Amino acid sequence: MFEQPTGVVEPLADYRIDPAPMRYSQFVPRLYGLCLGLGMEQGRIMPSRAFCSDESQGYPVILLAKHFGAFPFDHGHVGGIVATDRHGPHAHHGQDLVIVQASHVGYDAQSGTFGVYRRLQSADDECTTSCGKICAVLDLYQMEYRFAQEHILIARGETGPVVIVDNLLVRQNRDEGLMLHLQRLVRCDVEGHPSYVRSLSTAKVFYMAASLAVRLAERIPTTPTPIGEALTPDLFYFRRKIVSDEEGRGHLERNLIRFMPQIVTAPAPALTAAKINTQIEFDRAYRTLVTEPAYRGKRLLFVAGLNVDVSPTPGRIFPLTKFVPWAAYWQSPNGQGETWEQDELHGRLLEQTTDNPHQVDLEAAIHEMERVEGVTLRLP
């Protein structure tokens, strides 16, 4: 299918990132305490996680097992996509149900960079992209945006400000690529046609749109100069043919393409993309949960947020993973449900203690399994 533009910059809900977000070692026991406060029964809670498959997500899985006393059900696809066809199986595995959905983004504390993660199992402890799926999706769009930044020039012409646009970008009949909102970039006549000044060998020269000229004001150079960061999200969109079923290979890209102008222009594109995907997946999954028959008559808490994987420093095995809550959906056994926005969810978590008397001693549990006598299988 072809993803078509809306013609306007997509609005985003305000998803704030605290400079000191909650450590997973604090988030999970607080989540467990919140579940008990909602009436869930210790030892009868079945957690589930909708995480990416990256190895950096292993530490959160361990903590969920430690505090809930059960390894979490797998509710996710690569990139932090919720596998909604697993609702039924998850519901059948417990009396009380918890789902944690989180897209993730790596963070290198040494450079202060989002979107990278130090892989200790690699030959040289190299930093690579994280989330790799999200960053791979962004690559093409970021490349096209950089091309447009460099091949759209602005200058003060003899008769007023002009915009020099590469011929590729002028063509609006392309099936895919970065497409310009030309009427916002260049002056148009009464019939809406761009006003040419002249044609060059590889570009066209237009009079600059009045609104853009006002916005740039004294920043318009006397000689042709790349537009650079002045190519803001309202001046372009992306068109791309994405072949994908729901929750299929192209699902993540479909989630993000409408917001790509904001993503590629953001100071930290991978962080922005992960936040947006979390928002979209919560909204989408919520609508499947409220109609899922298997969850009726049970307690269900669905929490969505962002996992920030702080790269491990020398001597540490696991990342310092932090959780940034976004929203939650609570459904009681009688089917009544309510949604908690970011502030309410964060506040409810902070009300809980980080001391969990029911947490499992994983080392002791493993040693106990080693002492158990072997079981001989009765083959049919």
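1. In what follows, a helix axis is a line fitted to C-alpha atoms over the stretch in contact, and angles run from 0 to 180 degrees between N-to-C directions. The model under discussion is a predicted one. In it, helix H1 (residues 24-37) packs with helix H2 (residues 58-68) at an angle of about 40°, and the two axes are 9 Å apart. The crossing of H1 past H2 is right-handed.

2. Which residues of H1 and H2 meet? From H1 come Tyr24, Ser25, Val28, Pro29, Leu31, Tyr32 and Cys35, and from H2 come Tyr59, Pro60, Leu63, Leu64, His67 and Phe68. By kind, the residues of the contact of H1 with H2 comprise eleven nonpolar, two polar and no charged.

3. H2 deserves a separate remark. Its buried residues are Pro60, Val61, Leu63, Leu64, Ala65, His67 and Phe68. The partners against which the buried residues of H2 pack are H1, strand S3 (45-50), strand S7 (96-108), strand S18 (299-310) and strand S19 (320-331). Just after the helix, Gly69 adopts a positive phi of about 75°.

4. The largest nonpolar core contains 73 residues. Within this core, the residues with the most contacts are Ile152, Val165, Leu180, Leu185, Leu231, Leu256 and Met260. Helix H10 (residues 269-289) supplies the largest share of the core, namely nine residues. Apart from this core lies another, of 27 residues, which includes Tyr32, Phe51, Phe68 and Val98.

5. Leu231 may be taken as an example from the 73-residue core. Leaving aside residues up to four places away in sequence, Leu231 touches Tyr145, Ala148, Gln149, Ile152, Leu180, Phe236 and Thr265. Among these neighbours, Ile152 and Leu180 are themselves listed with the residues having the most contacts inside the core.

6. How many disulfides does the model contain? The count is zero. A disulfide is a covalent bond between the sulfur atoms of two cysteines. The cut-off applied here is a pair of cysteine sulfur atoms within 2.5 Å. The cysteine sulfur closest to that of Cys52 is in Cys131, at 4.0 Å, and this is too far for a bond.

7. Are Cys52 and Cys131 buried or exposed? Cys52 is buried, with a relative accessible area of 10%. Cys131 is likewise buried, and its relative accessible area is 1%.

Note on methods: Residues numbered from 1 in each chain as written. Predicted model: local features only at pLDDT ≥ 70, side-chain atom pairs only at ≥ 80, totals over all residues. Heavy atoms only, no water. Helix = DSSP H or I, 4+ residues; strand = E, 2+ residues; numbered from the N terminus. Left-handed = near helix turned anticlockwise from the far one by under 90°. Contact = heavy atoms within 4.5 Å. Nonpolar A, V, L, I, M, F, W, Y, C, P; charged D, E, K, R; others polar. Buried < 20%, exposed > 50% of the residue type's maximum accessible area, 1.4 Å probe, protein only. Core = buried A, V, L, I, M, F, W, Y, C linked by side-chain atoms within 4.5 Å.
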